[in-house]
Amino acid sequence: MISRWTTAVLDTNQPGGWAVARSPEGFLFDDNGALFSREWLKRQDLSILAEHGIGHLDGEPVYLLELLSHSDVPGCNWKGLRAFMLEGDHTVFKVLGYAAQIGTWAREHRFCGNCGQAMTQVTRERAMYCEPCDLRSYPRISPSMIVLVTRGDEVLLARSPRFVTGIYSTLAGFAEPGESAEDCLIREVREEVQIEVKNIQYMGSQCWPFPHSMMLGFHAEYAGGEIVCQEDEIEDAQWFNVRDLPPLPAARSIARYLIDVYVARRSGHAEPVLPG
Ligand SMILES: [Zn+2]
């Protein structure tokens with residue numbers, strides 16, 4: 001049973017450890033999962049774009065091999081991050097979620113955004129460096145607000161055309177430059193369903209590695225307006241009674257946590273804990 005994962009910047013010149021391999025087709029896995037002996041993995045025929053030491057799993061160093069493309073490895077297959085979230089061990093998902101964010105950043109910052117020259121990997125710091133420009137690029141985090149709008153025993157849930165059939169969830173959107181978290185939340189709710197909110201309460205946050213969001217979760221009370229769905233973004237939005245809810249998002253998501261907490265409060269049950 002894997003239990004403890006901590007992120008770290010590791011020296012890739014050190015031997016040993018575990019490694020995960022990530023290509024545009026997802027992560028490499030076999031019957032034992034997505035973690036391989038790093039030395040074994042590096043003996044396979046892989047098109048390695050970058051290697052990063054990403055942390056420690058139960059004390060053992062873990063490295064990411066970010067690949068240009070996927071290749072056939074005997075006894076192995078490739079699978080996307082979402083599948084690991086839905087099926088796998090939560091700690092392994094955290095390792096892979098972090099690896100995916102570092103991999104995306106490493107892939108997108110091979111060249112300097114200012115002068116176009118190749119950037120180099122900084123040791124002991126998670127950064128890429130362009131010497132002529134003295135420019136450092138760090139992994140990007142995109143703050144995103146996610147909100148459950150409430151009205152007594154009712155909650156406002158909506159469907160995006162991108163959702164799995166039947167699923168209804170909370171509203172969410174990315175912060176724009178110049179906005180506070182509260183500004184963003186009010187704007188998103190207004191844009192998506194033309195509802196006004198009040199009494200915004202922060203509930204918790206969750207890293208969402210698709211591809212690099214930091215979800216800040218809130219409850220907000222209904223203050224006025226009638227639901228009008230934003231064209232192309234919201235397929236349907238409704239008020240649902242907490243005792244008669246539609247199919248909801250996956251249990252480990254902050255969206256589900258925001259809903260479950262509110263339902264627990266209205267029905268006097270113990271509140272759930274947000275998965276770390
Ligand atoms: Zn440059």
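Modeller: In the lining of the second largest pocket, at least two residues each come from helix 3 (90-108), strand 14 and strand 15. This is a predicted model, in which local features need pLDDT of at least 70 and side-chain atom pairs count only at pLDDT 80 or more, while totals for chains, interfaces and linings use all residues. Residues are numbered from 1 along each chain as its sequence is written, and side-chain values use heavy atoms, with hydrogens and water left out.

Biologist: What makes a stretch of the chain a helix or a strand, and how many of each are there?

Modeller: Both are DSSP runs numbered from the N terminus, a helix being H or I over at least four residues and a strand being E over at least two. By that rule the secondary structure of the chain comes to five helices and 16 strands.

Biologist: What makes a site a pocket, and which residues lie nearest the centre of the second largest pocket?

Modeller: On a 1 Å grid over the protein atoms alone, a pocket is an open set of points where a 1.4 Å probe fits, with protein on both sides within 12 Å along at least five of seven lines, and a lining residue has an atom within 4 Å of a point. The second largest pocket is lined by 26 residues on this basis, and Q101, Q206, C207, W208 and P209 lie nearest its centre. Helix 3 gives the largest share of that lining, nine residues.

Biologist: What is the volume of the largest pocket, and which residues are closest to its centre?

Modeller: A volume is the space filled by probe spheres set on the points, which are joined across faces, edges and corners, and for the largest pocket it is about 1000 Å³. Of the 35 residues that line the largest pocket, R82, R162, F163, S169 and W208 are the closest to its centre. For the second largest pocket the volume is about 490 Å³.

Biologist: How many residues of domain 1 are in contact with domain 2?

Modeller: Contact means heavy atoms within 4.5 Å, and 10 residues of domain 1 are in contact with eight residues of domain 2.

Biologist: Why is S169 called buried?

Modeller: Buried means under 20% relative accessible area, exposed over 50% and partly exposed in between, for a 1.4 Å probe and protein chains only. S169 has 6% relative accessibility, and therefore it counts as buried. Its place is in the loop between strand 12 and strand 13, where S169 touches L156, L157, A158, F163, P249 and A255, not counting residues up to four places away in sequence.

Biologist: Why is P161 called partly exposed?

Modeller: The relative accessible area of P161 is 45%, so P161 is partly exposed. P161 lies in the loop between strand 12 and strand 13, and, with residues up to four places away in sequence not counted, P161 touches D232, E233 and E235.

Biologist: How do you know that the reach of helix 4 is close to the one expected?

Modeller: The expected span is 1.5 Å times one less than the number of residues. Helix 4 (residues 181-193) has 13 residues and reaches 18 Å from its first C-alpha to its last, close to the 18 Å expected.

Biologist: Which residues of helix 4 are buried, and what do they pack against?

Modeller: C184, L185, R187, E188, V189, E192 and V193 are buried in helix 4. The strands that the buried residues of helix 4 pack against include strand 11 (142-151), strand 14 (196-208) and strand 15 (213-224). Helix 4 is followed by Q194, whose phi is positive, near 55°.
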